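This report goes through the model from overall confidence to chain fold, and then to the contacts between chains. The sequence and structure come first.

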Amino acid sequence: MSAIAGEEPLLTVEALTKWYGRQLGCRDVGFDLYEGEVMAIVGESGSGKSTLLQLLSGQMEPSGGRILYRLRDGNESDIWQMSEPMRRLLFRADWGYVHQDAQLGLRMGISAGGNVGERLMGVGWRNYGAIRASATDWLERVEIDQSRIDDTPRTYSGGMRQRLQIARNLVNAPRLVFMDEPTGGLDVSVQARILDLLRRLVANLNIAAIVVTHDLAVARLLSDRIMVMKAGELIETGLTDQVLDDPREPYTQLLVSSILPA
Amino acid sequence: MRPLELFGVAKTFTMHLQGGVRLSVLRDLGFSVAPGECVALTGPSGAGKSSVLKLIFGNYRCDEGSILISDGANAVDIAQASPRQILSLRRRKLSYVTQFLRAVPRVGALDVVAEALTDVARGAARERAAAMLTRFNVPERLWNLPPATFSGGEQQRINLARGLLSETPVLLLDEPTASLDAANRDAVVDLVRERKRQGVAIVAIVHDDPVREAIADTCVDVTRFAAAA
Amino acid sequence: MTAPVYNFAYLDEQTKRMVRRAILKAIAIPGYQVPFASREMPMPYGWGTGGVQVTAAILGPDDVLKVIDQGSDDTTNAVSIRDFFSRTAGIRTTTATKEATVIQTRHRVPETALTADQVLVYQVPIPEPLRFLEPRESETRRMHALSEYGLMHVKLYEDIARHGHIATTYAYPVKVAGRYVMDPSPIPKFDNPKLSDCPALQLFGAGREKRIYAIPPYTSVASLDFEDHPFEPYRHDAQCELCGATDSYLDEVITDDAGNRMFVCSDTDYCEMRRASGEGAHQVVTGTERGA
């Protein structure tokens, strides 16, 4: 199906497959993702959604298929044909990755300002005042009190750490952000706050995102499109509200009907 | 070409969890809406009226037929469109006031409404949202509160404000006056008439006879397109 | 009982060859840490085995060796190592910087300017400047390879955030020839400017960590900083009480139980030279006066 005139996809995935020996990670996954679009990957444990995210974000090499990313200069590049330095640069400059466990995505022994500023310093920012100002601005955007800028995340609550991780990932204006269960393990009220933040930031900054979640409510809130995975296979894909309100496949119907009503 | 045209639309649900039972809802449905016209869908409860709106909005997938929305010089068929195209149409051409407000936690009523204006600067969007809320008699003290705790009628008014704010060429209304008192019902009727004068094509489900008579130009009886049992 | 006979400078020739290869590689890639097969030496790790192996590999029978420890020729370690080479290589040793061809140093750069026919060998405890921020060796190697040095500036940022200025006063990280970030060993930041554009060859040896690195002569070495917090060479508030020098790095010496103290040059040779030439005698201020 043709795209809106004049727009090319940011990410093109073709027949992506991963085998762990004889164990299937995921098979034949393909889709296009455009700038500003949020795609949710949902599934239960063992569905292959985490594998898929690792493959898409360049952290694990696929067994088959390819992932084409459109660089800022407009050219498409297969991320596994790139040199490793190029891929690492991409990861730092163009992409973000929000881990479920904030400790994996932060430097716990460094102050919040340092955590947020690291990406900037990594791309050559050399003015302390400017770095600190940017970090302060971002803390405000993720609703962390600015007085905490010099505290380390060790002194932060779980929700604060997650918000700091989000700030750290968004500070360098990435075009594509991967999120792995961004609200997993957090209290419900904290989840609501973070989801709201994510929703607004992603919309305001026109960021494309791929969000892995087992929670259909999170998918409904954050994403425009959805992929349902089961045992490594792509079961169904389409507009989020379409797939969740008019599920076609048996498994999708099962998943949707299993949510407890409020 | 008219803003909205439907041809030969059919919809069947297959309930895999109930042993694959097939529920045919609609068969060979067709009608069109001219600019400034309001088509009311009629029929008893369960006939599939809401399904028609959902099919038009792209919320339900269409098994057969086409649903054409005019987009500039072209027509886009919702039944065949890619997710990206449908999202684009929803932003620019198509608004849907559902029966129930899906309230997002933490977002205040004013912002819920303002979010309907995707291409407008936040300040201006909030101003227009405020004007709309005032028309629907939503008191200012509620504007910064999340609608989740509002009464049914208040939530419906927020919903209406959001749906009516964006002035898209096609507007879908599902029971717009269901939980409203007389004053607010009148406000809805006035607003719908305004939209009609502006050339918006409207498809509405209205149980309330006087309201239907006030706004509808044509009635389409959905039971005519019910699938054979 | 016959006295033990050592190969020249203790190490066997094959080992010296291996070390020299590592040194050559280090010179070819300024600031890059070259791994080498560090040998067991007759002193434990932490006592300068890296520096000793580098010195042993480059010494020739005509060399004149000086060994200093925190600037001083007469500490236990300096004396020990000097004796070691005296016995195993039979070469001449000296305390005068001007006379030496090879100078092995722990944690200081001599005050006397070095010349093109001298080699300065530094003893290095932890060669990896990123180690305290990133404990994984695999990761730091990648960071050097890909020039990913954002983290290094994070450390400086943290300093400014915490103390209002870059608080690193020794082992201040530098960028060599515009490419590799290097730890110059725990020399005071006062000495950092001396590393740059130096006529002498500078070699760095870390025995326990098994790394050798080098700064070739006349190489640019820039201390890391921020635009708005530029690197500032340290300035003492005092002068040497023995020779009156105002331009050398000073040690603080407690003179009695009452807490009286005095400042003297850390570089003993430099101080002696000045006193011998009568240079600063009239500039010495008696008594202890200290600025803030």
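## Confidence

The pLDDT is the predictor's confidence in each residue, on a scale from 0 to 100. The structure described here is a predicted model. For chain A the mean pLDDT is 90, with 97% of its residues at 70 or more. Residues 1–5 of chain A are a stretch where the pLDDT is below 50. Beyond near neighbours in sequence, residues 1–5 of chain A have six contacts in the model.

## Chain A as a whole

Ten helices and ten strands make up the secondary structure elements assigned in chain A. The radius of gyration of chain A is 18 Å, close to the 18 Å that the globule rule gives for 262 residues, so chain A is as compact as a globular protein of that length. Its C-alpha trace spans about 55 × 45 × 40 Å along the principal axes of chain A.

Of the 262 residues of chain A, 48% count as buried. Contacts in chain A between residues at least 6 apart in sequence can be split by separation: 65% of them join residues at least 24 apart.

## A buried position in chain A

A:V202 lies in helix α7 of chain A. With 22 other C-beta atoms within 10 Å, A:V202 is buried, because the cut-off for that class is 20 or more.

A:E37 is 165 residues away from A:V202 along the chain, yet the C-alpha atoms of the two are separated by 9.0 Å.

## The sheet of chain B

Chain B has an open sheet of four strands in the order β2-β1-β4-β5, with antiparallel pairing. The edges are β2 (21–33) and β5 (74–77) of chain B; each has a single partner strand, so one side of each is left without a neighbour in the sheet. From one strand to the next the twist averages 30°.

Strand β1 (residues 4–15) of chain B runs antiparallel to β4 (residues 64–71) of chain B, and five bridges join the two. One pairing involves B:A10, whose bridge partner in β4(B) is B:E64. Helix α1 (residues 49–57) of chain B packs on the sheet and touches β1, β2 and β4 of chain B. The direction of α1(B) makes about 110° with that of β1(B).

## Contact between chains A and B

Chain A contributes 21 residues to this contact and chain B contributes 17 residues. On the side of chain A that touches chain B, at least two residues each come from α7 (188–204), β10 (233–239), α9 (240–245) and α10 (250–257) of chain A. The largest share, four residues, is that of α10(A). By class, this side of chain A has nine nonpolar, four polar and eight charged residues.

## Contact between chains A and C

Here 16 residues from chain A meet 15 residues from chain C. The elements of chain A that each supply at least two residues of the side touching chain C are α2 (84–93), α4 (112–122) and α5 (128–141). Of the elements on that side, α4(A) gives the most, with six residues. The residues of the side of chain A that touches chain C comprise five nonpolar, seven polar and four charged.

Definitions and conventions:
Residues numbered from 1 in each chain as written. Chains lettered and ligands numbered in written order. Predicted model: local features only at pLDDT ≥ 70, side-chain atom pairs only at ≥ 80, totals over all residues. Contact = placed C-beta atoms within 7 Å. Nonpolar A, V, L, I, M, F, W, Y, C, P; charged D, E, K, R; others polar. Pairing = 2+ DSSP bridges. Axes fitted to C-alpha atoms, helices over the stretch in contact; angles between N-to-C directions. Buried ≥ 20, exposed ≤ 12 C-beta atoms within 10 Å, placed from the backbone. Rg over C-alpha atoms; globule rule 2.2 N^0.38 Å.
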